[in-house]
2 protein chains.
Amino acid sequence: MAHNHEEILCRVKSELPEDELICDLSDLFKVFGDTTRMKILYSLFESEMCVCAIAELLGMTQSAISHQLKVLKNANLVANRREGKTIYYFLADEHVRTIVAQGFEHLIEKHTHEKK
Amino acid sequence: MAHNHEEILCRVKSELPEDELICDLSDLFKVFGDTTRMKILYSLFESEMCVCAIAELLGMTQSAISHQLKVLKNANLVANRREGKTIYYFLADEHVRTIVAQGFEHLIEKHTHEKK
DNA sequence: GCCATATATGCACCACCGTTCATATGTTGT
DNA sequence: ACAACATATGAACGGTGGTGCATATATGGC
């Protein structure tokens, strides 16, 4: 046991969301937590792109990109449309931009504080 | 080589941020991508807390919590203050709430779409 | 100074994840 | 139906990261 904090423990415990929500949330952010996927998202900020274009842009295997696009799609961050043999991927909604932008702002603020 | 997409490649490539920014961004989101850290953040939404209180709340080792608090602190998501022997951790700024809230909204929207 | 309490840290183990290779699926043109 | 191209998928390898154990550091009380 430790020092007394029963009051706070009870109050915070009652306000904590269920495990499933916490899990879904961290799973979502996990998707943003990889440089390859982040590069893909940034690319799609500019324009929809087909798989091989992204692979060429990032200098990576088509397979690797395909795997990561699947992860992004499962998280509903991107969607795709078929046009003949090629499949174009694009941002699923505007939340993606907002979330990345918020992360960006945090980084900026962090850097300005470090310049002391 | 693949089918032609020189135009798009050049345009997108010129707009892509430098690798360091991409890396910093994904590193930041990586911090949100763990259930333990997410639970800690949600706890701190309610109130500042000491290490052993968080450990008791989450039913985990003091060591594990301490390790994760270090990660959160390195990312400038939390800060701490000492009061005698105990050290209280709290949210470093309001970006944390905003980022988590954005992720939450994305999940909500996703769920409503799945209810078809 | 010594002991108890609160927190931090180094290490090692294990699980998970990103990549590549090989191959499968799907589409178009002939 | 077959060949060529675009993409998806499964398996395996390697690296990273979260956890617990043991221990170190720090503060307060006696």
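Predicted model: local features only at pLDDT ≥ 70, side-chain atom pairs only at ≥ 80, totals over all residues.
Residues are numbered from 1 along each chain as its sequence is written, and side-chain values use heavy atoms, with hydrogens and water left out. Local features need pLDDT of at least 70 and side-chain atom pairs pLDDT 80 or more, whereas totals for chains, interfaces and linings use all residues.

Between the two chains, 59 residues of chain A are in contact (heavy atoms within 4.5 Å) with 59 residues of chain B. The chains bury about 5400 Å² between them, 73% of it on carbon and sulfur atoms, where buried area is the accessible area (1.4 Å probe) that two parts lose on being put together, summed over both. A:Phe29, A:His95 and A:His106 supply 12% of the area that chain A buries against chain B, more than any other three residues. Two salt bridges (a side-chain nitrogen of Lys or Arg within 4 Å of a carboxyl oxygen of Asp or Glu) link the chains, and one of them joins B:Asp19 to A:Lys39, with the closest N and O atoms 3.8 Å apart.

A phosphate oxygen is 2.8 Å from a side-chain N or O atom of A:Thr61, while a base oxygen is 2.9 Å from a side-chain N or O atom of B:Ser63.

Conventions:
Chains lettered and ligands numbered in written order. Polar contact = N/O pair within 3.5 Å; in protein donor to acceptor, adjacent residues only side chain to side chain.
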